[in-house]
Amino acid sequence: MEFPKFLLGDNTDYPSAIFVVHTQYPRFIINLENDEVEWLEDFSKEDEEELESEAEGLIEEANSFYDREVSRYED
């Protein structure tokens, strides 16, 4: 089964949270309410250096994805 690159997540236990799930490597969940990121991968020291440079762009993409999805509901 193929998944989209980003998914929106919701949970009634966290009513103000806005979760975006990144389904491709490196997989993560970001809560846009507070920008907290939970990585779903184990990284080596070498991977961590590369991840730092890539993470900012991925988080910006997650925010853009959310903005796009919300704008589609406003139409």
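**A walk along the chain**

The chain has 1 helix and 4 strands, where helices (H or I, at least four residues) and strands (E, at least two) are DSSP runs numbered from the N terminus. This is a predicted model, in which local features need pLDDT of at least 70, side-chain atom pairs count only at pLDDT 80 or more, and totals for chains, interfaces and linings use all residues. Residues are numbered from 1 along each chain as its sequence is written, and side-chain values use heavy atoms, with hydrogens and water left out.

Read along the sequence, the pattern is β-β-β-β-α. Of the chain's 75 residues, 24% count as buried; buried means under 20% relative accessible area, exposed over 50%, and partly exposed in between (1.4 Å probe, protein chains only). As for contacts (heavy atoms within 4.5 Å), take those with a separation of 6 or more: 28% of them are between residues 24 or more positions apart.

Phe-3 sits in the segment before strand 1 (6–9), and together with Met-1 and Leu-7 makes a nonpolar surface patch of about 380 Å². Patches are made of residues with over 30% relative accessible area and no salt bridge, with like charges joined within 9 Å and nonpolar side chains (Val, Leu, Ile, Met, Phe, Trp, Tyr) within 5 Å. A salt bridge here is a side-chain nitrogen of Lys or Arg within 4 Å of a carboxyl oxygen of Asp or Glu. The areas come from the Shrake-Rupley method with a 1.4 Å probe, and for residues only the protein chains shown count as cover.

Most residues other than glycine have a negative phi, and most peptide bonds are trans. The bond from Tyr-25 to Pro-26, though, is cis, with omega near -5 degrees; Pro-26 lies in the loop between strand 2 (19–22) and strand 3 (28–31). Further on, Asp-35 has a positive phi of about 60 degrees despite not being a glycine. Asp-35 belongs to the loop between strand 3 and strand 4 (36–39), and is partly exposed because its relative accessible area is 48%.

With 33% relative accessibility, Glu-48 counts as partly exposed.
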